[in-house]
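Dear colleague,

I am passing on a structure that you have not worked with before, and below it I set out what was found. Please read the notes with the structure open beside them.

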Amino acid sequence: MKLYAIGDLHLANMSTREALAAIPAHPDDDLIVAGDVGESQDQLRYALDILARRFRRLFWVPGNHDLWTSHHDPEGLRGEAKYLRLVEICRSYGVLTPEDPFERFQDSSGETFLVAPVFTLYDYSFRPPEVAEEDAVDWAAASGVVCSDEVVLDPSPYLSRPAWCKARLDYTWTRLVAAAEEGLRLVLVNHWPLRQDLFELRRIPRFKIWCGTSATEDWHLRFPVAVVVYGHLHIRGTHFRDGVRFEEVSLGYPRDWSHTWGVAAYLREILPLPETAMGR
């Protein structure tokens with residue numbers, strides 16, 4: 001039995017939908033879906049129709065695209081209401097979400113882990129200390145970068161995305177403290193990277209304000225974390241911080257992956273620990 005992960009499928013793209021349909025069955029394995037499946041309820045259902053049949057169990061976290069309000073959504077749901085509807089859809093397929101109890105996964109060595117899907121959003125704190133929070137978007141815009149979230153990711157009923165982020169951090173912290181008491185190591189899953197030093201978009205460095213929160217910088221040390229799984233950046237890779245493994249598992253937009261290889265080639269093995277990770 002293996003635990004795989006993939007994120008950022010971006011199923012608004014037809015070529016990716018066709019490639020996902022060809023993914024082979026893994027009836028004995030679990031899969032983490034690390035956010036940005038698509039931009040509508042129908043795109044999430046499309047993915048789960050396929051993946052829930054081909055994997056033993058699925059874990060899902062939302063990304064920013066999943067939370068967008070667009071003309072593709074017949075209900076026009078916004079903010080937390082959109083998120084909770086996505087949770088409802090996932091549960092209808094038996095998929096585990098950040099609102100469900102953390103589940104155990106036993107790898108081939110016999111060690112048991114807790115898989116912990118979380119949803120933290122971002123709060124513009126990935127910025128230089130001299131830039132105030134209220135000036136962060138203007139600071140990024142001065143370099144020619146503005147994330148579409150500023151238009152289509154509504155934080156309702158919260159007053160702002162940082163306020164929603166704070167509520168999610170408080171909720172998640174309480175859950176992780178309780179999980180740590182079980183004495184098992186965690187596979188911590190979030191769409192956004194937990195640490196600012198994992199941000200690698202050198203051509204658009206100020207985009208980082210939409211990429212996480214400094215409140216999570218030390219979570220891999222505060223909790224018994226074995227692996228952190230994330231996406232968002234579309235730069236796949238394995239990194240280590242303080243001896244903890246961080247896996248960026250994005251597929252990305254059609255330009256970010258080889259269509260000849262197919263989606264299956266981009267499934268990243270999280271557990272058991274791959275030999276490539278051991279070598280690093």
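A residue is called buried here when its relative accessible area is under 20%, and exposed when that value is over 50%. Please keep in mind that this is a predicted model. By that cut-off, 57% of the 280 residues of the protein count as buried.

To begin with the overall form, the C-alpha atoms fill a box of roughly 50 × 40 × 35 Å along the principal axes. A compact globule with 280 residues would have a radius of gyration near 19 Å, and the protein, at 18 Å, agrees with that expectation. The accessible surface comes to about 11,900 Å², and carbon and sulfur atoms account for 49% of it. The secondary structure consists of eight helices and ten strands.

In α1, the buried residues are Thr 16, Arg 17, Ala 19 and Leu 20. These residues cover an arc of only 165° around the axis, which means that they lie on the same side of α1. This may be read alongside a general point: an α-helix has 3.6 residues a turn, so residues three or four places apart point the same way. As for their surroundings, the buried residues of α1 pack against α2.

Helix α2 itself runs over residues 41-54, and its 14 residues should span 20 Å at 1.5 Å a residue, which agrees with the 20 Å between its end C-alpha atoms. Its buried residues are Gln 41, Gln 43, Leu 44, Ala 47, Leu 48, Ile 50 and Leu 51. What covers them includes the helices α1 (14-21) and α3 (79-92), together with the strands β2 (26-33) and β3 (55-60).

Finally, a word on the cysteines. How many disulfides does the model contain? With a disulfide taken as a pair of cysteine sulfur atoms within 2.5 Å, the count comes to zero. For Cys 165, the closest cysteine sulfur belongs to Cys 211 and is 13 Å away, which is too far for a bond. Cys 165 counts as buried because its relative accessibility is 0%, and Cys 90 is likewise counted as buried because its relative accessibility is 0%.

With kind regards

How values were computed. Residues are numbered from 1 along each chain as its sequence is written. This is a predicted model: local features need pLDDT of at least 70, side-chain atom pairs count only at pLDDT 80 or more; totals for chains, interfaces and linings use all residues. Side-chain values use heavy atoms; hydrogens and water are left out. Helices (H or I, at least four residues) and strands (E, at least two) are DSSP runs, numbered from the N terminus. The expected span of a helix is 1.5 Å times one less than its number of residues. Buried means under 20% relative accessible area, exposed over 50%, partly exposed in between (1.4 Å probe, protein chains only). Contact means heavy atoms within 4.5 Å. The arc is that of the directions from the helix axis to the C-beta atoms. The radius of gyration is taken over C-alpha atoms; the globule rule is 2.2 Å times the number of residues to the power 0.38. Accessible areas come from the Shrake-Rupley method with a 1.4 Å probe; for residues, only the protein chains shown count as cover.
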